[in-house]
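We will go from stop to stop.

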Amino acid sequence: MKLDLKVLQALRAGDKQADRVVPPSGFTAQLTLFAAAAMAFLAVFALALSLASGRLAQRWGDELGRTATIRIVAPLDQRAAQTEAALRILETTKGVAKARALTMEEQQELLAPWFGPDLKLDQLPVPQLIEVLEDDNGLDPAGLRLRLSAEVPGAILDDHGRWRLPLVQAASRLRLLGWVLILLITATVAAMITLAANAALSANAQVIAVLRLVGATDRYIAQAFIRRFTLRALSGAAVGTVLAMFAVLLLPGAQSDAGFLTGVRFQGWHWILPVFVPLLSGVVAFAATGAAARRTLGELS
Amino acid sequence: MIELENVAYSYGGGELLSDISLKLAAGSFHFLTGPSGAGKTTLMKLCYGALLPTAGHIRVFGADVRELDRDDIAMVRRRVGVVHQDVKFLDHLDVSENIKLPLTVSGRSSEGADLDELMSWVGLTNRANALPAELSGGERQRAALARAVIMSPDVVLADEPTGNIDWEMSQRLLRLLIELNKMGKTVLIATHDLSLIRATKAHVQARVLRIANRRVQLAGADL
C-alpha cells in the first residue's frame, strides 16, 4: 500500500460513505482530541518562548556588540586631561561613530542602585567613563588599546565581549530549547496518535475483516482511519492553539525595563506562526496513522 | 474461474489439505462436504485468496494467487461473493448500508432500484433500516447473500450458509443460490447437510465433492 498524493486528495475531498465504514465513537476520539489540543497549547508557548529568546539574543547582541566603554582610572587631578586625550584619540579612530564622556550626573545615576542617590562622586576615586558607539564597520579593539596605552596610561577599553558573549549564548540556548520543546511535543503527538490509531485499528478488527472480505483495498481502509485521525488532530490542535493564543495575549507586553519575562508575547507577523501548529498536528497525525494502518493491515492475510 | 492444482495447505506443523486438484468452471454448481474440521472452510479461503497454499497452484480468473498483490486480491474479492456461516456485518450500519458495502468500497454508486430489487429478492425489504443486531439468523444469512451478490460476482462461495437457520429458511436460501446459478454464476457451497444436497439435485446439476483424509474426491451415488 502506498500513501501518495491520491491519499492526500481523498483526505481533502472526503468521502461520506467511506467515513461511515469506521464506527464513529470510541475512547480514541476523545484521546486524540485532548492530546492534540494539549500539545498544541504547549507548542504555541514553546514557539513564543523560542521567538522571544531569539529576539532577546539579537537585541543583546546588537546593543552590546556596537558599544564599548573606556574607563579612565587616574588620580583626580589628571582625570580630566586623560579624558580629553582619550576623546581626541577616539575622534581619529576608524570605526567610532560617536564618543562622549559621561557626565557626573549620569555616572551617579548608574551607581545609585548600589550606593544610593546621595553619593558624592567628586570625593571618590570613581573612574571617568567614556561611552563609545561604533559605526557599521566596527572598531579594532586591539589597535585602540595600543594607542590608548601609549597616550592615555589610565585608559582601559572594555568592548563588552567578555560579558556579552555568555548573555547572547544563554539567549540562544533558550531559543534552541524552545525548538527542542516543539520537536518533543511533535514527537509526543505522533506517539499519542500512533497509540490511539493502533487502539482504534485493533478495536475495529472485525470492521477491517468485513471490509477486506467485500473487496476493500488496504488504501481504502487506511484512508478511512487516516482521514478520521487527521481531522481529529487538526480540530483538537486548532482549539488548543486558539486557547494558547488567548493565553499568550494575556501575558504582559515587552517592556524595556521589565526584563525577559515581559517579552514572551508574539510580535508583528509572528502572530501568524501559531496557525502552523494545527497544520503540523494534522501532518503528524496523517503520517502516524498511515504508518500504524500500513503496519496493522500488512499483518492481516 | 477457479482452479486448484496439487494444492496442499499446512498449518501449525500439520497438513490440513493435501494434493487437491479441483476446477470450478463458469456456471457450475458444486457442493463441498465432509466432516467438521475436514478443511472445508480452509479450502474456501484458499479459493478467494484469504489463505495461500503451501504447495501447488491456485488460479483465480486465470491468475496465480501467489503472484497477486494485496490490491489484486481485493479485486478478486469483488468478483467472488462470500457467505460465511458466522456472517459478520458492520454493526453500526443498517442492513441496506451493509448490503451496499461492496459497492461503497469499490467506489461504485448504488442505484436505488437495484438495491430495492435485491432487498426484495432476499425478502428483506421491510428490514432495510434495521441494524444487524436486530436480525434473526435467517435474515442475517439472506442479508449476507445479498451483500455477496450485489456486485454481480462471477463466483459465489457459501460456507455452511444454512448452519444456523431452520429447514424452511435454509430451503429459501438454497433456492436463491440455485437462481444465481441459473443466472450463470459459479456456486460452491460447503455443507455437511446431506439433505440440502439432495434437495438441490432435484433442481440443478450439481457436483458433490467430499473432503476426506485431507484430499478431495468426487462423492458417490449415496448422495
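Helices (H or I, at least four residues) and strands (E, at least two) are DSSP runs, numbered from the N terminus. This model is predicted: local features need pLDDT of at least 70, side-chain atom pairs count only at pLDDT 80 or more, and totals for chains, interfaces and linings use all residues. Residues are numbered from 1 along each chain as its sequence is written, chains are lettered from A and ligands numbered from 1 in the order in which they are written, and side-chain values use heavy atoms, with hydrogens and water left out.

**Stop 1: the domains of chain A**

Select residues 5–59 and 165–299 of chain A for domain 1. Then select 74–153 for domain 2. These bounds come from an automatic or database domain assignment. The C-alpha centres of the two domains lie 55 Å apart.

**Stop 2: the largest pocket**

Rolling a probe the size of a water molecule over the atoms shows where empty space is left. On a 1 Å grid over the protein atoms alone, a pocket is an open set of points with protein on both sides within 12 Å along at least five of seven lines; a cavity is a set where a 1.4 Å probe fits but cannot get out; lining residues have an atom within 4 Å of a point. Grid points are joined across faces, edges and corners, and a volume is the space filled by probe spheres set on the points.

Select Thr69(A), Leu102(A), Leu110(A), Leu129(A) and His160(A); of the 21 lining residues, these lie nearest the centre of the largest pocket. The space there is about 630 Å³. Which helix gives the largest share of this lining? α5(A) does, with six residues.

Colour the lining by class: eleven residues are nonpolar, four polar and six charged. Ala, Val, Leu, Ile, Met, Phe, Trp, Tyr, Cys and Pro count as nonpolar, Asp, Glu, Lys and Arg as charged, and the others, Gly among them, as polar.

**Stop 3: the second largest pocket**

This pocket holds about 460 Å³ of space. Of its 20 lining residues, Ala209(A), Leu213(A), Lys45(B), Tyr48(B) and His84(B) are closest to its centre. Now select 205–213 of chain A: this is helix α8, which supplies seven residues, the largest share of the lining.

**Stop 4: the largest cavity**

The structure has three cavities of 30 Å³ or more. The largest has a volume of about 100 Å³. Select its lining, including Leu213(A), Val214(A), Arg77(B) and Pro102(B). β6(B) gives the most, three residues.

**Stop 5: two helices of chain B**

Select 95–105 (α3) and 137–149 (α5) of chain B; these helices pack at about 35°, with axes 6 Å apart. Axes are lines fitted to C-alpha atoms, for helices over the stretch in contact, and angles run from 0 to 180 degrees between N-to-C directions. Contact means heavy atoms within 4.5 Å. Show Val95(B), Asn98(B), Ile99(B) and Pro102(B) on α3(B), then Ala143(B), Ala146(B) and Arg147(B) on α5(B): they make the contact.
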